[in-house]
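Reader: Could you go through this model with me, one topic at a time?
Author: Gladly; here it is.

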Amino acid sequence: MSDCADKTDCAGLTSLRTKNLGLSLDGAAKLADITLDLPPAGITILMGPNGAGKSLLLLLLHGLMNPSAGEILWSGRLLDPQITMRQSLVFQRPVLLRRTVAGNIDFILRARGRSDTARRDLALREVGLNDMAKAHARALSGGEQQRLALARALITDPDVLFLDEPTANLDPTATGLIEKIVRRTAEAGTKVIFVTHDPGQARRLADDVVFLNRGRIAKHADAGSFFSDPGHEAARAYLAGELPL
Amino acid sequence: MDSAAELAVALMLSADPDLIEIVWLSLKVSLSAVFLSCLVGMPLGAFLATTSFAGRGGVIVIVNALMGLPPVVVGLMVYLALSRSGPMGFLGLLYTPTAMIIAQTLLIAPIVTALSRQVLEDMYGEYRSFFRSIGLRKDQTILALIRDARLALVTVALAGFGRATAEVGAVMIVGGNIDHLTRVMTTAIALETSRGNLALAMALGLILMLLALVVNALAHGLRLSTTRLSSV
């Protein structure tokens with residue numbers, strides 16, 4: 001799957017366990033007591049109101065921020081830069097290089113030392129951008145840019161794909177295309193952790209839901225039981241659109 | 001002024017060999033200095049843009065301050081270093097175009113470094129999370145930034161070129177304004193002015209301004225394309 005040389009070390013690092021994870025910024029606690037045990041497959045939705053700490057948790061789990069307390073274990077291994085390299089992150093606002101569509105994919109392949117035009121073309125075809133390979137990436141529409149970011153994230157065959165509200169600024173059609181790709185990716189064995197504040201999207205995608213409120217986990221349950229009975233007052237109020245800010 | 005303009009046009013049309021020699025040497029010295037400054041200044045600017053270390057703020061302040069280095073001071077420093085009794089006197093470079101290139105490089109390198117740092121730091125702010133996410137090494141980060149900012153960096157280089165072609169103090173001190181050897185546009189203008197050949201000095205000045213105009217028009221065009229690509 002990943003580009004690790006030793007195949008015995010190459011088993012997907014997809015099951016996540018965190019213990020009492022905490023994050024403070026400028027003395028203010030942003031996340032506290034995050035203890036999680038996520039299944040190694042499927043789509044986990046991180047949901048919660050604005051400011052709940054969803055994106056911060058995502059950055060912690062990917063190793064882009066260091067926790068103030070607790071630890072993060074991927075398949076029993078403490079998070080380190082090698083694990084980060086075996087994961088991919090798609091941001092809410094796609095960070096595209098000032099290059100062509102193909103150039104954006106080639107960049108990451110070259111960075112990993114494995115240029116492969118056939119592989120690049122296939123990746124673009126999978127997200128429906130094969131006809132736009134020579135277009136400037138920043139001239140694409142919002143939905144196309146996000147699909148390109150997704151193709152670039154997937155070209156390295158990550159163990160884990162993080163998505164931070166990737167459809168927040170997109171119309172329903174573009175959102176539907178992204179969701180389709182994400183579902184296909186999860187079915188192919190990549191663990192997906194998806195941040196959204198859209199309950200409808202969570203219902204469409206989730207295998208399990210982690211509901212965050214004020215920097216803490218209010219509820220973690222499989223999707224079916226979460227949506228039939230959120231089991232937590234804040235989650236219930238959020239789904240009903242009644243959570244006080 | 002009219003006679004100076006007429007003389008300038010006449011000089012250009014006549015393809016006067018002396019004038020061509022002076023213009024060519026001016027371009028050679030300035031372009032060489034810009035090339036060397038970019039070679040040193042752009043990677044250094046990229047390093048400063050992407051690296052946190054103790055005293056980074058102080059280094060940036062110093063580099064920014066060096067943009068205002070007085071040319072005569074740089075000329076004097078290079079003169080002392082290259083003069084026969086100086087530490088590099090054995091090289092015999094004083095009053096050669098090489099000495100002029102060294103002096104101009106010292107003048108322009110801080111400009112290129114400081115402006116490159118600013119351009120690349122802005123871009124790095126945008127790319128940083130993505131680069132960290134994919135585990136890009138420092139050298140890969142710097143190369144990627146320089147590649148993506150290439151149009152803006154050409155503008156930086158042109159700003160350095162503009163400063164170099166307009167410079168007179170340093171090249172006068174280390175070059176000596178020797179006819180057919182180290183005479184460039186600016187030193188020729190200074191000489192003709194002191195001789196009282198004001199029309200010729202003005203004509204040379206007009207040609208120099210024309211060169212500066214071409215350089216600035218080029219910079220403006222590149223800046224526009226950079227902006228257009230960044231905003232789409």
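Reader: In which hand does α5(B) cross α7(B)?
Author: α5(B) passes α7(B) in a right-handed crossing, meaning that the near helix is turned clockwise from the far one by less than a right angle. The helices are DSSP runs of H or I with at least four residues, numbered from the N terminus. This is a predicted model, in which local features need pLDDT of at least 70 and side-chain atom pairs count only at pLDDT 80 or more, while totals for chains, interfaces and linings use all residues. Residues are numbered from 1 along each chain as its sequence is written, and chains are lettered from A in the order in which they are written.

Reader: And at what angle do α5(B) and α7(B) pack?
Author: The angle is about 155°, with the axes of α5(B) and helix α7 (residues 150-166) of chain B 9 Å apart; axes are lines fitted to C-alpha atoms over the stretch in contact, and angles run from 0 to 180 degrees between N-to-C directions. The two helices are therefore roughly antiparallel to each other, a label for angles over 145 degrees.

Reader: Which residues make that contact?
Author: Among them are B:Leu107, B:Ile111 and B:Leu115 of α5(B), and B:Leu153, B:Val156 and B:Gly160 of α7(B), where contact means C-beta atoms, placed from the backbone, within 7 Å. By class, this contact has 12 nonpolar, three polar and one charged residues, with Ala, Val, Leu, Ile, Met, Phe, Trp, Tyr, Cys and Pro counted as nonpolar, Asp, Glu, Lys and Arg as charged, and the others as polar.

Reader: Switching to the contact between the chains, how many residues does each one give?
Author: Chain B gives 14 residues and chain A gives 15. On the side of chain B that touches chain A, α5(B) gives the most, with six residues, and that side has six nonpolar, five polar and three charged residues.

Reader: Now chain A: how many residues of α1(A) are buried?
Author: Seven of the nine residues in helix α1 (residues 54-62) of chain A are buried, that is, with 20 or more other C-beta atoms within 10 Å of their own. They include A:Lys54, A:Leu57 and A:His62, and the helix is followed by A:Gly63, whose phi is positive, near 85°.

Reader: What does A:Leu57 touch?
Author: Leaving aside neighbours within four places in sequence, A:Leu57 is in contact with A:Leu31, A:Ile34, A:Leu46 and A:Leu212.

Methods: Two residues are in contact if their C-beta atoms, placed from the backbone, lie within 7 Å. Angles under 35 degrees count as roughly parallel, over 145 as roughly antiparallel, 65 to 115 as roughly perpendicular and the rest as oblique. A residue is buried if 20 or more other C-beta atoms lie within 10 Å of its own, exposed if 12 or fewer, and partly exposed in between; C-beta atoms are placed from the backbone.
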